[in-house]
Amino acid sequence: MKKFLKILLAILAVLVIAMFVIGEKYHYEKSIVINAPAEKVYSHLNSMKAFNEWNPWMKLDPQLQSTYSGVSGQVGDKHCWKSDKKDVGNGCQEITALVLNQKQSTKMAFEGQGEATSDIVLTQEGNATKVVWTLDAEMEYPSNLMKPLMDYWMGKSYEEGLQNLKKLSEKP
């Protein structure tokens, strides 16, 4: 029994140390090069409705209830959603900054799960556009131990979303 308790305490100590080493700040980013001018790519992210045409999370719940408010294509353009599916949940995403043909910034509030910010930055590279999509959030202790899993989940979703954006943007 003493050996079991020592092992349990050692595991607990490792987890506590890992929690503080990992920290609370979470950052994820993924990029892609799209064979289209920045103006065309930007047209697919300059409003919440345009963003949701390629947003990978929109297809997770066919019964998703969406509401839009604010002026489409301007700072304050907002999308709120409600879903009975646990992996979708309820929340809102609002455009906080737009830089013509260069950047879209948003803030997201996930009901009961906190807030995050996201940037999509466009850089013209010859006839193509490099797109960098980021997410920043705070992950409180001990949920910050989930960062490696978050990277996996975000990687899959961001890859799907960027591929969707690429297909839309490269259409003639």
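Where does Gly89 lie, in terms of the strands β3 and β4? Gly89 is placed in the loop between β3 (78–82) and β4 (91–99), where helices (H or I, at least four residues) and strands (E, at least two) are DSSP runs that are numbered from the N terminus.

The structure described here is a predicted model, in which local features need pLDDT of at least 70 and side-chain atom pairs count only at pLDDT 80 or more, while totals for chains, interfaces and linings use all residues. Residues are numbered from 1 along each chain as its sequence is written, and side-chain values use heavy atoms, with hydrogens and water left out.

The protein has 4 helices and 7 strands, and these elements, read along the sequence, follow the pattern α-β-α-α-β-β-β-β-β-β-α. Of its 172 residues, 36% count as buried, a term that means under 20% relative accessible area, as against exposed (over 50%) and partly exposed (in between), with a 1.4 Å probe and protein chains only. The accessible surface of the protein comes to about 10,500 Å², of which 59% belongs to carbon and sulfur atoms; such areas come from the Shrake-Rupley method with a 1.4 Å probe, and for residues only the protein chains shown count as cover. Among the contacts (heavy atoms within 4.5 Å) in the protein with a separation of 6 or more, 53% are accounted for by residues 24 or more positions apart.

Gly89 in the loop between β3 and β4 counts as buried because its relative accessibility is 16%. When residues up to four places away in sequence are not counted, Gly89 touches Trp81, Lys82 and Ser83. The C-alpha atoms of Gly89 and Leu64 are separated by 9.3 Å, although the two residues are 25 residues apart along the chain.

Asn52 belongs to helix α3, which covers residues 48–52, and with a relative accessibility of 8% Asn52 counts as buried. Apart from neighbours within four places in sequence, the residues in contact with Asn52 are Met58, Tyr68 and His79. Between the C-alpha atoms of Asn52 and Gly161, which stand 109 residues apart along the chain, the separation is 9.7 Å.

Ser169 is found in helix α4, which is formed by residues 147–170. Its relative accessibility is 1%, and Ser169 therefore counts as buried. Once neighbours within four places in sequence are left aside, Ser169 is in contact with Ile34, Ala36, Lys40, Val41 and His44.
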